[in-house]
Amino acid sequence: MLTVSGLKRLHISASFALKDGEYVALQGPSGVGKTLLLRSIADLDPNEGTVKLDGTLREAMPALAWRKRVTYLAAEPGWWSDIVQEHFTGWDDALPLVTGLGLPDDCGSWPIQRLSTGERQCLGLVRVLLLRSRVLLLDEPTSALDPASAAAVESLIAERISNGTSVIWSTHDNAQARRVGSRILTMGPDGGIEENRP
Ligand SMILES: Nc1ncnc2c1ncn2[C@@H]1O[C@H](COP(=O)(O)OP(=O)(O)OP(=O)(O)O)[C@@H](O)[C@H]1O
């Protein structure tokens, strides 16, 4: 169980809990603060409030250990090396996920520069899935994907949910929010969140 109590970052303020295996959609207009919230929960930016995983405060563990359990995926994942495979500690483990998302099995040797925006988004997701995090904070993870690839991502994430992973999925796509979210959190211009059922 992830609990967020009185989290504050700039104008945003949020409190909610996320059970194991729960799938929550996060919505709200552009610029309202969805990314700020997700990055704050992962402790990537300074913020105030209490965030716990199974009752353990995030301050009780090193930041890297927290982020491996409570993992943020940016809409545009970062790259630090020239070749795709160099971003994966176990490319063999990555390969079934990579091909499952429609990329060819020789893409490990491709230069990052060659990748399309959608291919980057898929490979960024695979990188994160290999961490086997308890909580995934997905920031518009299919914004650059065609419908078939987006459906493949949705079913991959649904499989993780059935194994107990919890997910917050930020999306501007209302139909997707209703499809993926058993709950919908909507952020308003004041930075607060309200909850709706899909
Ligand atoms: N470090 C910062 N200092 C001040 N303001 C910031 C900082 N980072 C982001 N902001 C502002 O906070 C607001 C919320 O940004 P955020 O990226 O969280 O929006 P969002 O809801 O994810 O939007 P989108 O749907 O377009 O991705 C924006 O106006 C942004 O400019």
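## Two neighbouring strands

Helices (H or I, at least four residues) and strands (E, at least two) are DSSP runs, numbered from the N terminus. Two strands count as paired if DSSP finds at least two bridges between them. Within this pair, Thr 71 has Leu 136 of S7 as its bridge partner. In general, the strands of a sheet pair through backbone hydrogen bonds, either parallel or antiparallel.

A word on what you are looking at: this is a predicted model, in which local features need pLDDT of at least 70, side-chain atom pairs count only at pLDDT 80 or more, and totals for chains, interfaces and linings use all residues. Residues are numbered from 1 along each chain as its sequence is written.

## The six-stranded sheet

S6 and S7 belong to an open sheet of six strands, ordered S6-S7-S8-S3-S9-S10, with mixed pairing. Strand S6 (70-73) and strand S10 (193-196) are at the edges with a single partner strand each, so one side of each has no neighbour in the sheet. From one strand to the next, the twist averages 20° (axes are lines fitted to C-alpha atoms, for helices over the stretch in contact, and angles run from 0 to 180 degrees between N-to-C directions).

Further along the sheet, S7 and S8 are parallel, with five bridges, and Leu 137 has Ile 168 of S8 as its bridge partner. Strand S3 (residues 23-27) is also parallel to S8, with four bridges between them, and here Ala 25 stands opposite Trp 169. Strand S9 (residues 183-187) and S10, by contrast, run antiparallel and are joined by four bridges, with Met 187 partnered by Ile 193 of S10. These two strands form a hairpin with five residues between them, and Gly 191 in the turn has a positive phi of about 85°.

## From S7 to S8 by way of a helix

How does the chain get from S7 to S8? The path goes through H5, making a right-handed β-α-β crossover. Right-handed means that, with the strands pointing away from the viewer, the path from the first strand over the helix to the second runs clockwise.

Helix H5 (residues 147-162) has 16 residues and, at 1.5 Å a residue, should span 22 Å, which agrees with the 22 Å between its end C-alpha atoms. The expected span is 1.5 Å times one less than the number of residues. Just after H5 comes Gly 164, with a positive phi of about 100°.

In the loop between S7 and H5 you will find Ala 144. This residue counts as partly exposed, with 17 C-beta neighbours inside 10 Å. The cut-offs are these: a residue is buried if 20 or more other C-beta atoms lie within 10 Å of its own, exposed if 12 or fewer, and partly exposed in between, with C-beta atoms placed from the backbone. Leaving out residues up to four places away in sequence, Ala 144 touches Thr 117, Gly 118 and Gln 121; a contact means that the C-beta atoms, placed from the backbone, lie within 7 Å.

## What lies inside

Is strand S8 (residues 166-170) mostly covered or mostly open? S8 is mostly covered, as five of its five residues are buried. Ser 166, Ile 168 and Ser 170 point one way, while Val 167 and Trp 169 point the other way.

The largest nonpolar core has 45 residues, and Val 24, Val 126, Leu 137, Val 167 and Ile 168 touch the most other members. Helix H4 (residues 117-129) gives the most to this core, with five residues. Such a core is a set of buried Ala, Val, Leu, Ile, Met, Phe, Trp, Tyr and Cys residues joined through C-beta atoms within 7 Å. In soluble globular proteins, nonpolar side chains tend to be buried together. Not counting residues up to four places away in sequence, the residues touched by Leu 137 include Leu 38, Ile 41, Val 70 and Ile 168.

## The four-stranded sheet

Another open sheet has four strands in the order S2-S1-S4-S5, with antiparallel pairing. Its edge strands, strand S2 (12-18) and strand S5 (56-57), each pair on one side only. Strand S1 (residues 2-9) and S2 share six bridges in the antiparallel sense, and Leu 7 is partnered by Ala 14 of S2. Helix H1 (residues 34-41) lies across S1, S2 and strand S4 (48-53), at about 120° to S1.

Definitions and conventions: Two residues are in contact if their C-beta atoms, placed from the backbone, lie within 7 Å.
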